[in-house]
Amino acid sequence: MKFSIKSVYPDNSACLVAGVFESRGLTDAARAIDEMSGNYLSGILKRGDMEGKAGSSLFLYDIPSLKAERVLLVGLGKREDFGEKAFTDAIRAAIKALCASGAKEAAFLLMDIPLEGRSVSWKIRQAVMAVQDSLYRFEDFKSEKAAPSPSLNKIVLVVDSAGEAPELDTAREQGLAIAEGAALARTLGNLPGNVCTPAYLAKTARRLAKEHDLDCRVLERGDMEKLGMNSLLSVARGSHQPPKLIVLTYKGGKTKPLVFVGKGITFDSGGISLKPGEGMDEMKFDMSGAASVLGAIKAAALMRLPLNLTVVIPAAENLPGGNASKPGDIVTSLSGQTIEILNTDAEGRLILCDALTYAERFEPETVIDVATLTGACVIALGHVATGVFSNNDELAREILSAGNNSLDRAWQLPLWNDYQEQIKSGFADMANVGGRPAGSITAACFLSRFTKKYAWAHLDIAGTAWKSGVEKGSTGRPVSLLAHFLLKRAGKLY
Ligand code: BES
Ligand code: MN
Ligand code: ZN
């Protein structure tokens, strides 16, 4: 999709998109069309064909004294309830209607609807992301596409503040870059486990390196053996797919690097502690952390952010097998600490702990890991917020604020030492599970034992990385949160 920003709309536009609030409240743009057309819109609204309900839309044709071929009215819901979500929902509803129409071009008269605390740049970035996100399709394995590709190919974002033009254009480019990162993450997540293996993730990283001039290094099993990454390696033992440790670096600045670590379990059967069969297919999404950090580095490179970012991905497949780890096995992690594996289904922390220790060698400014780590996080926060844990409150605040700014929200849970009790082991330095109470917190406590040397945060995306049910598929979260975190760090968030 091509986006342009204009302060006056092209009068002969194929479609003008304007918002109406519930109970006939016209936005300024809709009122202007109404006045120009001799109150044509008010007439339609009076007849009750468009009530302004959130998510609704109505095409109008042949409007008196208007050159545009059509007007699309989109409902914004009640004026007093209008907020960020209603804004992006209206954009998504408009795209849905436009794709079903023959319009090639549309001018969105939605950027000047007042939204408390949000700049025009923010609205542009969010609008671009919402459009791209709603146009995303994953049909790689469908012989017939569900719908023909829409004729819509150009969107004009109409603003009345032409003064900030350069910033608005940057916001547009940021929106496009973040959307590309999110689309990459969605596709990697949606790919089946027999395609998206650890080797496939490594190949994707190498391709990104070529396309965006990044450095890529992939550690093979032998390299990891030499280093002593026995915790990571123990997870891959049951599978025929060799594990990989992928390291991808973007250099855009002179400061200490930020490091993003992403859980890359390309299928999680649970291993010998086998999961129940129902819904097990969804464990192909267990590499969503890896997918999201790849999406984030892609966005950072596209935006040419003035900072350094290294992505580390421990990748493996967790299967049962004759050589697989068993409950009771003890491994020595890269850090030297020993781990009693009481449950082979708590494998995410076993691969992450070695990657987190490995991250020390980059002398990081900050490390953030992203993982579909615990079913307990879905119980705690549902599918709304990503769980945040940190050994540094300032960092946690930055992440929560990136979540708010991106609408890709997160919520902090405590990491108090009291919870460390639950992962004590009688046989090793720690156990890999801490029982049912506070399962997400004890998982984070486990990771915290490997992150003492730097400012660290852990994002549990078990509830947010994908959707189940009829809309089953990867969401691309938290690429947008991570990208907003980077934008803020780079001083480029307008
Ligand atoms: N990948 C799962 C976590 C998960 C489960 C994410 C369901 C999303 C939906 C993780 O590897 C896992 O199996 N965790 C266990 C930990 C337990 C054994 C302590 C869990 O959550 O049940
Ligand atoms: Mn598991
Ligand atoms: Zn898992």
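Donors, in what follows, are N, O and S atoms within 2.8 Å of the metal, and because water is not among the atoms, sites may look incomplete. With that in mind, the donors of the manganese ion (ligand 2) follow the spacing D-x76-D-x1-E along the chain. The structure described here is a predicted model.

**Two metal sites**

The manganese ion (ligand 2) is held by D268 (OD), by D345 through both O and OD, and by E347 (OE), at 2.1 to 2.2 Å. The zinc ion (ligand 3) is coordinated by K263 (NZ), D268 (OD), D286 (OD) and E347 (OE), at 2.0 to 2.4 Å, and its donors follow the spacing K-x4-D-x17-D-x60-E along the chain. The two sites are set side by side below.

| Ion | Distances to donors | Angles among the six donor atoms | Arrangement |
|---|---|---|---|
| manganese ion (ligand 2) | 2.1 to 2.2 Å | 71 to 170° | irregular |
| zinc ion (ligand 3) | 2.0 to 2.4 Å | 78 to 176° | octahedral |

Why is the arrangement around the zinc ion (ligand 3) octahedral? The six donor atoms around this ion subtend angles of 78 to 176°, which makes the arrangement octahedral. The site of the manganese ion (ligand 2), with angles of 71 to 170° among its six donor atoms, is irregular.

The zinc ion (ligand 3) and the manganese ion (ligand 2) lie 3.1 Å apart, and D268 coordinates both. K263 sits in the loop between β10 (258-262) and β11 (264-268), while E347 sits in the loop between β14 (338-341) and α10 (348-358), so this pair ties together parts that are 84 residues apart in sequence.

Are these coordinating residues buried or exposed? K263 is buried, with a relative accessible area of 1%, and E347 is buried as well, with a relative accessible area of 1%. D345, which gives two donor atoms to the manganese ion (ligand 2), is partly exposed, with a relative accessible area of 22%.

**The second largest pocket**

By residue type, the lining of the second largest pocket divides into twelve nonpolar, twelve polar and eleven charged residues.

How values were computed. Residues numbered from 1 in each chain as written. Chains lettered and ligands numbered in written order. Predicted model: local features only at pLDDT ≥ 70, side-chain atom pairs only at ≥ 80, totals over all residues. Heavy atoms only, no water. Donors = N, O, S within 2.8 Å, 3.2 Å for Na, K, Ca; no water. Tetrahedral: all angles 85-135°; square planar, octahedral: opposite > 155°, others 65-115°. Helix = DSSP H or I, 4+ residues; strand = E, 2+ residues; numbered from the N terminus. Buried < 20%, exposed > 50% of the residue type's maximum accessible area, 1.4 Å probe, protein only. Nonpolar A, V, L, I, M, F, W, Y, C, P; charged D, E, K, R; others polar.
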